[in-house]
Amino acid sequence: MTAERGYPTSIGTSDADTISLLGHDLAGDLMGKTGFGELAFWLASGRRPGAGEVRVFETVLVALADHGFTPTAIAARLTLYSAPESIQGALAAGLLGGGSRFLGVTEDTGRFLAEVLASAERPPATAAEFDALARTALAERKAEKRLVPGLGHPVHKRQDPRTPVLVRVAREEGTHGPHLALFEAIGRAAPDVLGKPLPLNGAGVCGAALADLGFPVELLRGVALLARTAGLLGHLAEELRRPVAGDVYLTVDRNARYVPDS
């Protein structure tokens, strides 16, 4: 006799009468009582967050939701123009563009900070110790001619307006930890070590804040994509109301010119 096969999950199950999510009755315990940000945190981390953690997490989601006509938004709009029957395809097109230049910086920064902290002989405890660790990490990256994730922004050349807000909220809610502390030290040390001022960008500070909330670096880009889904949905809704994708397509197409390969 074949043994009954089991597939364990801590997420959710259902039967004919109930839906269970995270060990709670979805309809009776969660709907109308649990916010989406809290639920997303809970699903990703496996633990129910405190109110302060939810505030920081939702601040991250708001910070990453949209940044204008980025390539991801343009891709989503053009896909909807090409396949208006496929809202899921348009959303997917935008999400698939989340990489090292847009959105992926959240993961890249969190990973970089985690690796630098792990390389320290002992956990830094003072601003001076964080500064020393930051200078060493920046010097190593400079010598290897590698970019420092989270530094610089194509639009915000002096300061990314999201960065001080998220740092402040994390301090207010008691979640400001070693990743944010190191990221701030990176910002202080960058002008001297790299020879030019580079602001700490919003995507990077979001990665640091999420790492301080305990999210593994492998999930950080997923949180960024969760946030950007809302922004892409907004772009698609606007595209339906006031379309621009056709003009984008025609502008490129009508101005294309053949140039032979040299």
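Val56, Phe57, Val60, Ala63 and Leu64 in α3 meet Ala203, Cys206, Ala209 and Leu210 in α10, where a contact means heavy atoms within 4.5 Å. By class, that meeting of α3 with α10 has 9 nonpolar, no polar and no charged residues; here Ala, Val, Leu, Ile, Met, Phe, Trp, Tyr, Cys and Pro count as nonpolar, Asp, Glu, Lys and Arg as charged, and the others, Gly among them, as polar. Keep in mind that this is a predicted model, in which local features need pLDDT of at least 70, side-chain atom pairs count only at pLDDT 80 or more, and totals for chains, interfaces and linings use all residues. Residues are numbered from 1 along each chain as its sequence is written, and side-chain values use heavy atoms, with hydrogens and water left out.

**The overall picture**

- The protein has 12 helices and 3 strands; these are DSSP runs numbered from the N terminus, with helices being H or I of at least four residues and strands being E of at least two.
- Its C-alpha atoms fill a box of roughly 65 × 55 × 45 Å, taken along the principal axes.
- Of the protein's 262 residues, 42% count as buried, meaning under 20% relative accessible area, while exposed means over 50% and partly exposed is in between (1.4 Å probe, protein chains only).
- Take the contacts between residues at least 6 apart in sequence: 72% of them join residues at least 24 apart.

**The nonpolar cores**

- The largest nonpolar core has 48 residues, and Phe57, Val60, Leu138, Leu182, Ile186 and Leu210 touch the most other members. A core of this kind is a set of buried Ala, Val, Leu, Ile, Met, Phe, Trp, Tyr and Cys residues joined through side-chain atoms within 4.5 Å.
- Two or more residues of this core come from each of α2 (36-45), α3 (51-64), α6 (104-119), α7 (127-143), α8 (162-172), α9 (178-194), α10 (202-212) and α11 (217-241).
- α9 gives the largest share of this core, 9 residues.
- Not counting residues up to four places away in sequence, Ile186 touches Phe112, Leu113, Ala134, Leu138, Val148 and Leu151.
- There's also a second, separate core of 7 residues, and it includes Ala76, Leu80, Leu232 and Leu236.

**How the helices cross**

- Two packed helices are described by the angle between their axes and the distance between the axes.
- For α3 and α10, the axes come within 10 Å and cross at roughly 160°. Axes here are lines fitted to C-alpha atoms, for helices over the stretch in contact, and angles run from 0 to 180 degrees between N-to-C directions.
- That makes α3 and α10 roughly antiparallel to each other; angles under 35 degrees count as roughly parallel, over 145 as roughly antiparallel, 65 to 115 as roughly perpendicular and the rest as oblique.
- α3 passes α10 in a left-handed crossing. A crossing is left-handed if the near helix is turned anticlockwise from the far one by less than a right angle, and right-handed if clockwise.
- The axes of helix α4 (residues 71-82) and α11 come within 9 Å and cross at roughly 45°, so α4 and α11 are oblique to each other.
- The crossing of α4 and α11 is right-handed.
- On the α4 side, the contact is made by Thr72, Ala73, Ala76, Arg77 and Leu80, and on the α11 side by Arg228, Leu232, His235, Leu236, Glu238, Glu239 and Leu240.
- By class, this contact of α4 with α11 has 6 nonpolar, 2 polar and 4 charged residues.

**A look at α2**

- Gly37, Glu38, Leu39, Ala40, Phe41 and Trp42 of α2 are buried.
- The cover over the buried residues of α2 includes β2 (19-21), β3 (24-25), α1 (26-30), α3 and α11.
- After α2 comes Gly46, with a positive phi near 80°.

- Val148 sits in the loop between α7 and α8 and is buried, with a relative accessible area of 9%.
- Leaving aside neighbours within four places in sequence, Val148 is in contact with Phe112, Leu138, Arg141, Ile186 and Leu194.
- Lys145 is found in the loop between α7 and α8, and counts as exposed at 80% relative accessibility.
- Lys145 isn't a glycine, yet has a positive phi of about 55°.
- Leu22, in the loop between β2 and β3, also isn't a glycine and has a positive phi of about 55°. Leu22 is buried, with a relative accessible area of 13%.
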